[in-house]
Amino acid sequence: MCAAVLLLVWLMLARADGNLDQVSEGRGLQLQGDFSIAGLFPLHDTDGSGSGLPALGSCSRGSPNKHGYHLMQTMRFAVEEINNGTLLPGVTLGYQMYDVCSVPASVLATLDLLQQQSQRVTTTGTEGDTDPKSTSNLGQRVVAVIGPDSSSKTFTPAALLGAVLLPQISYEASHEKLSNTVDYPAFFRTIPSDKNQVSAMIQLLVRFKWTWIAVLGSDNAYGRQGMQSLSQQAAQHDICIAYHGVIPKPTETEPKETNQTMRDMVENILKTRVNVIVVFSSKRILSGFFPFVVKRNVTGKVWIGTEDWSVAALISQISRIHTIGTVLGVSTKYAAIPGLEEFERRSADVSEQHSSTQRSWNGGAECLQSSDLYSLVRKNSTLEEYDLSSSFNVYKAVYAAAHALRRALGCDAGECRKRRLQPWQLLPWLRQVNFTLGNTSVYFDKNGDPPTGYDIITWVWKGSAWSHRVVGSVTPHPTELTVDAAQIKWPGAETSTSVPLSVCSPRCPAGHRTLQTGQHRCCFDCLACPADTFREGGPTTCRPCPREQWAPPSSEQCLNRTVLFLAWDAPVPLALLLLLALSLLMTSGSALIFLLHLNTPVVRSAGGRTCLLVLAALTAAAASSLCHFGRPSRLACVLKQPLFFFSFNVCLACVTVRSFQVVCIFKLSFKLPKAYDSWAKNRGPEFTILLVSVTSFLMSVLRVALDPPVPSQDFGFYPDSIVLECSNTHSPGAVLELAYVILLSILCFCLSYMGKELPANYNEAKCVTFSLVVYMVSWMSFFTVYRISRGPFSMAAHVLAILSSVLAFLSGYFLPKVYIIVLRPQMNTTAHFKNCIQMHTMSGQ
């Protein structure tokens, strides 16, 4: 690329035969010295129109630019301050100024500098040749260029100067591309890159939670690149740009079309209903847009401006600009330059004394000591905030070049060595400069950019008087924003301190996710997160809760589930434990009474030793309820159902066999005398009970062996609770056990009912029937509760069903007999039983 640029330069210079137009040939304000610095400043404003050819009309035909005038005076002041100081002992700096009123003027000024460099190659000299009267020598000793003032005027000069490695330090060119050291190897700047400025704007938007904005940019490299960079960074922070608008340059050829474009832009801003507009524009182009905003009566908005226009008087002086709303701006940090204003006053006095001489000079080239410059001085323009910030950048640039020159000339020894210096020899020293001006450190990073931050300012109006206030700052690397929102007057009432909203859709309530409704992610509907989900991370997703937790609808976090089990210390379990103790006491007491009266007629008629087996079974069945208390364990799960089913089956088997014996003795013995006698004499009742019990035992053992129940957690029955229970409660083995006990219960009920007409001492039908009814009702109640509840209540119902079954058989079968044994001993005699049988026989006849 450098070779191509060099070729282009040489072709243009050869084509011009060394004669450039009047603007380039006239070097403007000049000061001779051992080494010269060129300054490119916009001393006049032009409309920018032209053929684009190197030759162009005089810049003095445009309107004077007081901002450029102050920048030029700052460079003069800095050079004279250095010459009068000790920074470059024994060496003087000179300067030559160019009026870069347009892009072509900037290019031609650069070509003039390159022409001087080409002349230097062909000019011979000796070491230390410093004749101050030689104009050619002066031209040959340009070692650095300060300027120009904008990115659009800088691209071509930076490429051209980079081709010959002539150092260039810009004070206002902030485009990101200029940080590319491959394309612009000799470019430096004292203003931060637009990349940092965009980051500062993004931080401002994030700080006030503005996610729905409009972005406007001027139709030049500065505006277009700023809009592009802002759009890229905005997407990374979930900021949506509702409208992009390019502010056209004012033209004389099609003013109606330009005006209509600006009107349409204002209408589009209103249609998008944004409250925040970011304007990345040069002040010159923006000054033509804001009158349309004012005319349309756009109020109540927040405008965020760049450093180029946020403190520029050109914008703040627009009529009724104070009605547009709140203006927040990014402004470059600066420090006051002591003596600058006094220097400008003295310059004005000198220009006044020599005005006649300056006005009469009209040689072959118009220079800057012309009537145009004099008219600027006569206007007595004061240094404004915008001028001061840019002037400080110029001041730093001149001192950076001087410090690099000091290092290159070896001035640290006390006296600078006067020698011929190639511009490229200054580059490495310029990259290493590090000094302080006031409280400001000046140095460059690897891309030639200064590591400085920004101030955040807001406009302040007192009537029609404009000023601004610093309300915060931004520091780079990393970007950190501090801002005092209380010092900002927001749109609305005079004392309004509430930050305005600028969102497409209001923030969703807690526990809601967003559903995008258009092309912008900031526009959405809110949907409540369903139960057992919560919103975490991205706003568009509801994540399921872990198994151990739950969440109601519209939740932002999960809650721990309640663990359900039959605790030992709860009121209901304590009552059940008392009932269990009573049951065990009653069964044990009944067993003891029956054991002591084992050979009495009542005990023998009830079954004799079989009653002890039944009472033992009832005791084991009651004890099985202990397995339902507390957190389930492996042993409890193994014993819980098998122990109850086996014990209760033994009880039912004994009662069934006993009922069968009584029925056979009184009703069937005469029909099947031999069969019954054979069954009774060959221990048939005992074998029947054993067979039924062993069958029940084997069923339980096989079930536990093949599919052992273990402690488990039921997460599905309750959304907010965990039920601690044993697994496999509904397995095929459990169902088979249940069917077995139901079948045995029905058989027992039938046989007991058949003996309802037997003698009173043998008639247990009513009592056994009552016991079985209570037993069946209690279990039907439990299964009903179990279908609708799995908490401690259903667990308590299960224990109650067990104890009810035990107490039902105990009270229906054994307690009447205990009553006779203990309280009616006269009925517990052989004579009484014979009398009852005789009466039954007689009544039957």
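In the protein chain, where is confidence lowest and where is it highest? This is a predicted model, in which local features need pLDDT of at least 70, side-chain atom pairs count only at pLDDT 80 or more, and totals for chains, interfaces and linings use all residues. Residues are numbered from 1 along each chain as its sequence is written, and side-chain values use heavy atoms, with hydrogens and water left out.

The table answers the question; pLDDT is the predictor's confidence in each residue, from 0 to 100. Helices (H or I, at least four residues) and strands (E, at least two) are DSSP runs, numbered from the N terminus.

| Confidence | Element | Mean pLDDT |
|---|---|---|
| lowest | helix 2 (residues 22–25) | 34 |
| highest | strand 7 (residues 168–170) | 96 |

The chain mean is 81, and 82% of residues reach 70 or more. Residues 124–140 fall below 50, yet have 29 contacts (heavy atoms within 4.5 Å) beyond near neighbours in sequence.

Helix 18 (residues 571–596) packs on helix 20 (residues 609–623) at about 165°, axes 9 Å apart. Axes are lines fitted to C-alpha atoms over the stretch in contact, and angles run from 0 to 180 degrees between N-to-C directions. The two helices are therefore roughly antiparallel (over 145 degrees). Among the residues that meet are Leu580 and Phe594 in helix 18, and Leu612 and Leu615 in helix 20.

Phe208 and Trp490 form an edge-to-face aromatic pair, 5.2 Å centre to centre with 75° between planes (ring centres within 6.5 Å, the six-membered ring for Trp; planes over 60 degrees apart). The pair ties together parts 282 residues apart in sequence, because Phe208 lies in the loop between helix 7 and strand 9 and Trp490 in the loop between strand 18 and strand 19.

Notes:
Angles under 35 degrees count as roughly parallel, over 145 as roughly antiparallel, 65 to 115 as roughly perpendicular and the rest as oblique. Rings of Phe, Tyr and Trp (its six-membered ring) pair if their centres lie within 6.5 Å; planes under 30 degrees apart count as stacked, over 60 as edge-to-face and the rest as tilted.
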